[in-house]
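This report covers fold, confidence, packing and aromatic contacts for the entry shown here. The sequence and coordinates come before the text.

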Amino acid sequence: MIGLPMDAVVTAIGAVVIALVIVLVIFSGRLSKAARSTVEIVVGILLFPTVTGLWAWRAIEGVRDQDWLYAGLMAVAAAVFAVIGFYAIRRRTLAPFAKRSK
């Protein structure tokens, strides 16, 4: 690694993912349905593992610091986001539990 602190790396990755989500929201009305679906898949593949990894890393830091409440909360958040991400990527959408339009 280049010697960057892990906080800087995670912040940079998180900023890129959040920027992608904002761009998707802004331009989703102008995209065709096929293009929007493809962009949602790409954003989902980047978003869910990144956030899950961030929260899992924070949980590990909480264990190292012996802050059990924080570690537990971050572990639960990581697990929930991992499950949501699994369903989102599988259903090819960013809103995996939303009702599908008929």
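The sections below go from the overall picture to single residues.

**Basis**

This is a predicted model, in which local features need pLDDT of at least 70, side-chain atom pairs count only at pLDDT 80 or more, and totals for chains, interfaces and linings use all residues. Residues are numbered from 1 along each chain as its sequence is written, and side-chain values use heavy atoms, with hydrogens and water left out.

**Overall fold and confidence**

The protein has 3 helices and 0 strands, in the order α-α-α from the N terminus. Helices (H or I, at least four residues) and strands (E, at least two) are DSSP runs, numbered from the N terminus. Of the 102 residues, 21% are buried; buried means under 20% relative accessible area, exposed over 50%, and partly exposed in between (1.4 Å probe, protein chains only). The accessible surface of the protein is about 7300 Å², and carbon and sulfur atoms hold 70% of that area. These areas come from the Shrake-Rupley method with a 1.4 Å probe; for residues, only the protein chains shown count as cover.

Among contacts with a separation of 6 or more, 53% join residues 24 or more positions apart, where contact means heavy atoms within 4.5 Å.

The mean pLDDT of the protein is 80, and 86% of the residues score at least 70; pLDDT is the predictor's confidence in each residue, from 0 to 100. Helix α1 (residues 6-27) has the lowest confidence, with a mean of 76, while helix α3 (residues 68-91) has the highest, at 89. Where pLDDT is low, the predicted coordinates should not be read in detail.

The 32 residues of α2 should span 46 Å at 1.5 Å a residue, and its end C-alpha atoms are 46 Å apart, which agrees. The expected span is 1.5 Å times one less than the number of residues. Buried residues of α2 include Glu40, Val43, Gly44, Trp57 and Gly62.

Gln66 lies in the loop between α2 and α3. Gln66 has a positive phi of about 60° although it is not a glycine. With a relative accessible area of 58%, Gln66 is exposed.

**Nonpolar core**

The largest nonpolar core is made of Val17, Leu47, Phe48, Val51, Phe81 and Ala88, 6 residues. Such a core is a set of buried Ala, Val, Leu, Ile, Met, Phe, Trp, Tyr and Cys residues joined through side-chain atoms within 4.5 Å. Helices α2 (33-64) and α3 each supply at least two residues of this core, and the largest share, 3 residues, comes from α2.

**Aromatic pairs**

Rings of Phe, Tyr and Trp (its six-membered ring) pair if their centres lie within 6.5 Å; planes under 30 degrees apart count as stacked, over 60 as edge-to-face and the rest as tilted.

Trp55 is partly exposed at 26% relative accessibility, whereas Phe81 is buried at 18%. Tyr87 is partly exposed, at 32%. Ring pairs also link Phe48, Trp55 and Phe81 into a cluster.
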